[in-house]
Amino acid sequence: MNAPARASAATSSLPRVVAASLIGTTIEWYDYFLYGTAAALVFGKLFFPNTDPLTGTLLSFLTYAIGFAARPVGALVFGHFGDRVGRKRLLVLSLLLMGGSTTAIGLLPTYDSVGVAAPVLLTALRLVQGFALGGEWGGAVLLVSEHGDRRRRGFWASWPQGGAPAGNLLAAGVLSLMTAVQSESAFLAWGWRVPFLLSAVLVGVGLWIRLAVEESPLFRQAVANRPEAEQAPLVGVLKHHWREVLVAMGARMAENISYYVMTTFVLTYAVTHAHFDKQSALNAVLIGSAIQFALIPLFGALSDRVGRKPVYLVGAAGVGAWAFVFFGLVDTRSFGQLVVAVTVGLVFHSAMYAPQAAFFSELFATRLRYSGASIGAQFASVAAGAPAPLIATALLKDYGSATPVSVYVAIAAAVTVLAVLCGRETRGQDLAEVAQEPSTDGTAVGKPAVA
């Protein structure tokens with residue numbers, strides 16, 4: 001396919017691809033965040049009832065963290081086959097796995113019914129969720145990035161990123177509605193199951209839309225030019241793009257840690273430490289997530305004008321400083337201050353998250369892009385997002401203060417700033433020209449990646 005034809009095909013299908021990616025990621029993040037929100041609010045009582053409230057929450061966050069261990073495995077498996085057989089097929093599979101496991105959680109017996117088997121089954125389903133999400137993110141953002149043009153890639157590729165706040169908004173919203181219309185006893189008895197069972201309906205909608213999109217034109221071209229004896233994508237990534245993988249992993253630290261502290265751990269902190277009711281804590285996250293959803297495409301567009309790195313650096317530095325203000329505002333026990341704390345934190349997070357999709361896509365060659373972007377993003381999540389609520393809860397329990405949690409977020413921000421500074425600016429990069437073998441200084445060699 002020549003360049004004009006490729007550009008025309010990409011432009012004509014781009015809105016459909018963006019819609020399919022956004023709806024798919026929204027559903028998958030809904031499933032994933034639903035677990036995190038339930039872990040903060042109810043799983044401790046249902047699956048670990050023989051402990052004090054904070055220890056029960058700590059144990060439920062442990063099952064939450066275990067799911068992250070499966071994300072690198074998902075990144076490796078989905079990345080390999082996504083670079084070999086296509087982005088679209090793997091995205092359909094990830095949606096089915098995530099929706100099936102989430103629906104099954106809604107059917108689980110609790111500890112009072114089957115004893116220790118309940119948390120074991122819960123953990124197993126959490127691992128399936130993590131495996132599915134490990135493959136979802138890379139495919140969704142790459143499908144959009146590879147359909148779009150270089151001038152507005154930051155804007156278009158940021159839309160699948162909007163699936164995170166949209167999914168969180170949906171998860172917190174459904175749980176907030178259930179807690180608002182039910183008594184505490186009814187919610188613990190059966191109401192918490194409804195949001196999980198709702199996932200089955202959402203997956204049906206997502207599949208209907210996702211199956212209608214076309215495969216990435218850049219991937220089709222790469223397949224047509226693929227040599228007969230080609231090394232496995234993982235080998236190629238580790239051999240030729242290991243610097244880019246490290247940059248992506250470092251860039252994820254502040255983004256991942258700050259998000260889970262300010263949207264998941266804050267629910268526990270606000271309820272158990274600052275004595276907010278569950279409804280108020282959920283509503284604050286709802287408001288912040290709604291604002292973040294609107295901001296992500298704006299920051300994506302800004303990265304098209306000034307570059308990926310400047311926008312990312314502002315977000316990382318901002319969230320590191322805001323962490324020391326965040327908990328002080330929550331401690332005022334004012335709902336308005338709680339909303340400000342969460343919202344401003346998510347504004348800084350958006351400045352990192354919005355350009356991330358285009359930034360990571362532009363680091364890797366087409367035949368290695370699914371593997372490279374997924375490995376960089378998901379391996380970092382094991383050290384970043386996975387233990388973030390767990391570490392924050394443990395620090396709060398040990399020190400009785402949120403100051404160590406703020407220091408924890410600030411250290412992550414420093415790591416991200418250093419990683420982004422070490423990376424190259426990728427704005428305006430033609431994805432077809434990202435080299436399979438980058439030069440030693442990190443800049444792309446001129447040969448086309450798909451040649």
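Biologist: Let's start with Arg333: in which loop does Arg333 lie?

Modeller: In this predicted model, Arg333 lies in the loop between α16 (308-331) and α17. Its backbone is worth a look, as Arg333 has a positive phi of about 65° although it is not a glycine.

Biologist: Is Arg333 buried or exposed?

Modeller: Arg333 counts as exposed, because its relative accessibility is 52% and the cut-off for exposed is over 50%.

Biologist: Now to empty space. How do I find where empty space is left?

Modeller: The general idea is to roll a probe the size of a water molecule over the atoms, which shows where empty space remains. Here, one cavity of 30 Å³ or more turns up. The largest cavity holds about 60 Å³ of space.

Biologist: Which residues line the largest cavity?

Modeller: The lining consists of Trp29, Phe33, Ala164, Arg252, Glu255, Asn256, Tyr259, Tyr260, His349 and Tyr353. The largest share, five residues, comes from α14. Sorted by class, the lining of the largest cavity has six nonpolar, two polar and two charged residues.

Biologist: And how much space lies in the second largest pocket?

Modeller: About 270 Å³ of space lies there. The second largest pocket is lined by 19 residues, and those nearest its centre are Ala40, Leu41, Lys45, Pro53 and Thr57. Two or more residues of the lining come from each of α1, α2 (43-47), α3 and α14. For this pocket, α14 gives the largest share of the lining, with four residues. By class, the second largest pocket has 10 nonpolar, six polar and three charged lining residues.

Biologist: Let's turn to helix packing. What describes two packed helices?

Modeller: Two packed helices are described by the angle between their axes and by the distance between those axes. For a case here, take helix α3 (residues 53-85) and helix α4 (residues 87-105): their axes come within 7 Å and cross at roughly 145°. On the α3 side, the contact is made by Phe78, Phe81, Gly82, Asp83 and Val85. On the α4 side, Arg87, Arg89, Leu90, Leu93, Ser94 and Leu97 take part. By class, the contact of α3 with α4 has six nonpolar, two polar and three charged residues.

Biologist: Which way do residues along an α-helix point?

Modeller: An α-helix has 3.6 residues a turn, so residues three or four places apart point the same way. Keep that in mind while you look at helix α20. The buried residues of α20 are Pro404, Val405, Ser406, Tyr408, Val409, Ala412, Ala413, Thr416, Ala419 and Val420. These buried residues pack against α14, α16 and α19 (388-399).

Biologist: How far does helix α20 reach from its first C-alpha to its last?

Modeller: Helix α20 (residues 403-422) has 20 residues and reaches 29 Å, close to the 28 Å expected at 1.5 Å a residue.

Biologist: Could we try some single residues? Is Glu28 buried or exposed?

Modeller: Glu28 lies in helix α1. Glu28 counts as buried, because its relative accessibility is 0%. Leaving aside neighbours within four places in sequence, Glu28 is in contact with Leu91, Ser94, Leu95, Met98, Ala132, Leu133, Glu136 and Arg210.

Biologist: And is Asp112 buried or exposed?

Modeller: Asp112 is in helix α5 (residues 111-114). With 69% relative accessibility, Asp112 counts as exposed.

Methods: Residues numbered from 1 in each chain as written. Predicted model: local features only at pLDDT ≥ 70, side-chain atom pairs only at ≥ 80, totals over all residues. Heavy atoms only, no water. 1 Å grid on protein atoms, 1.4 Å probe; cavity = no way out; pocket = protein on both sides within 12 Å on 5 of 7 lines; lining within 4 Å. Points joined across faces, edges and corners; volume = space filled by probe spheres on them. Nonpolar A, V, L, I, M, F, W, Y, C, P; charged D, E, K, R; others polar. Buried < 20%, exposed > 50% of the residue type's maximum accessible area, 1.4 Å probe, protein only. Axes fitted to C-alpha atoms, helices over the stretch in contact; angles between N-to-C directions. Contact = heavy atoms within 4.5 Å. Expected span 1.5 Å × (residues − 1).
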